[in-house]
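The questions below go through one structure step by step. Each answer ends on the value or name asked for.

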Amino acid sequence: AWLVALHKRQGWYVGATPWDVHGNALAALGRFLAARDGLAPPLHLAHQLDRDTSGLLLIAKAPAVKAALHVAFAGGHVAKQYRCLCAGAPLW
């Protein structure tokens, strides 16, 4: 009810950019929730992921939840794990 976990694909922008305010994960989620529920709640990013990084993106539906998540991220209470898939062998 207060948090959305979205699997962001590689190549997606998390939020609006100067050249595209509609083609990003946050805008797409808002459109999805509006179509599903009739109204999109206010959405607040808890953190960022780079455009070329895929992974779990946490989005709060309330400012107080966003603030609590920011404190958790800043205080090191959230553990992130990155994985890399490689093919072939290094040349060295």
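**Questions on the fold**

Q: Which residue, with a positive phi, follows H2?
A: The phi of this residue is near 75 degrees. The model is predicted, and local features in it need pLDDT of at least 70. The residue that follows H2 is Gly-76.

Q: What distance does H2 reach from its first C-alpha to its last?
A: H2 runs over residues 63-74 and has twelve residues. At 1.5 Å a residue, the expected reach is 16 Å, and the value in the model is close to that. From first C-alpha to last, H2 reaches 16 Å.

Q: Which residues of H2 are buried, and what arc do they cover around the axis?
A: The buried residues of H2 are Val-65, Leu-69 and Ala-72. They lie on the same side of H2, because the arc they cover around the axis is only 55 degrees.

Q: Which exposed residues does H2 carry on the face turned away from its buried side?
A: Exposed here means over 50% relative accessible area. Four such residues lie on that face of H2: Pro-63, Ala-64, Val-71 and Ala-74.

Q: Which strands do the buried residues of H2 pack against?
A: One of them is strand E1, residues 3-8. The other spans residues 55-60. The buried residues of H2 therefore pack against E1 and E3.

Q: In what order do the three strands form the open sheet?
A: The pairing in the sheet is antiparallel. E1 and E2 (44-45) are the edge strands, as each pairs on one side only. The order is E1-E3-E2.

Q: Which residue of E3 does His-44 stand opposite?
A: E2 and E3 pair in the antiparallel sense over two bridges. Across from His-44, the residue in E3 is Ala-60.

Q: How many of the six residues of E3 are buried?
A: Buried means under 20% relative accessible area. E3 is largely enclosed by the rest of the structure, because the number of its residues that are buried is five of the six.

Q: Along E1, which side chains point to one face and are buried?
A: The side chains of E1 alternate.

Q: Which element gives the largest share of the largest nonpolar core?
A: This core has eleven residues, including Val-4, Leu-6, Leu-29, Leu-57 and Ile-59. E1, helix H1 (25-37) and E3 each give two or more residues to this core. The largest share, three residues, comes from H1.

Q: How many residues make up the second, separate core?
A: Ala-46, Leu-58, Val-65 and Leu-69 are among its members. Val-65 and Leu-69 are also buried residues of H2. The residues in this second core number five.

Q: How far apart are the end C-alpha atoms of H1?
A: H1 has 13 residues, and at 1.5 Å a residue they should span 18 Å. The model agrees, so the distance between the end C-alpha atoms is 18 Å.

Q: Which strands do the buried residues of H1 pack against?
A: Ala-25, Ala-27, Leu-29, Gly-30 and Leu-33 are buried in H1. The strands they pack against are E1 and E3.

Q: What kind of aromatic pair do Tyr-13 and Trp-19 form?
A: The structure holds one aromatic pair. Tyr-13 is partly exposed, at a relative accessible area of 29%, while Trp-19 counts as exposed at 60%. Their centres are 5.8 Å apart, with 75 degrees between the planes; over 60 counts as edge-to-face, so the pair is edge-to-face.

Q: How far apart in space are Gln-81 and Gly-55, C-alpha to C-alpha?
A: Gln-81 lies in the segment after H2 and is exposed, with a relative accessible area of 66%. In sequence, Gln-81 and Gly-55 are 26 residues apart. In space, their C-alpha distance is 9.6 Å.

Definitions and conventions
Residues numbered from 1 in each chain as written. Predicted model: local features only at pLDDT ≥ 70, side-chain atom pairs only at ≥ 80, totals over all residues. Heavy atoms only, no water. Expected span 1.5 Å × (residues − 1). Buried < 20%, exposed > 50% of the residue type's maximum accessible area, 1.4 Å probe, protein only. Arc of directions from axis to C-beta. Contact = heavy atoms within 4.5 Å. Phe/Tyr/Trp six-rings, centres within 6.5 Å; stacked < 30°, edge-to-face > 60°. Core = buried A, V, L, I, M, F, W, Y, C linked by side-chain atoms within 4.5 Å. Pairing = 2+ DSSP bridges.
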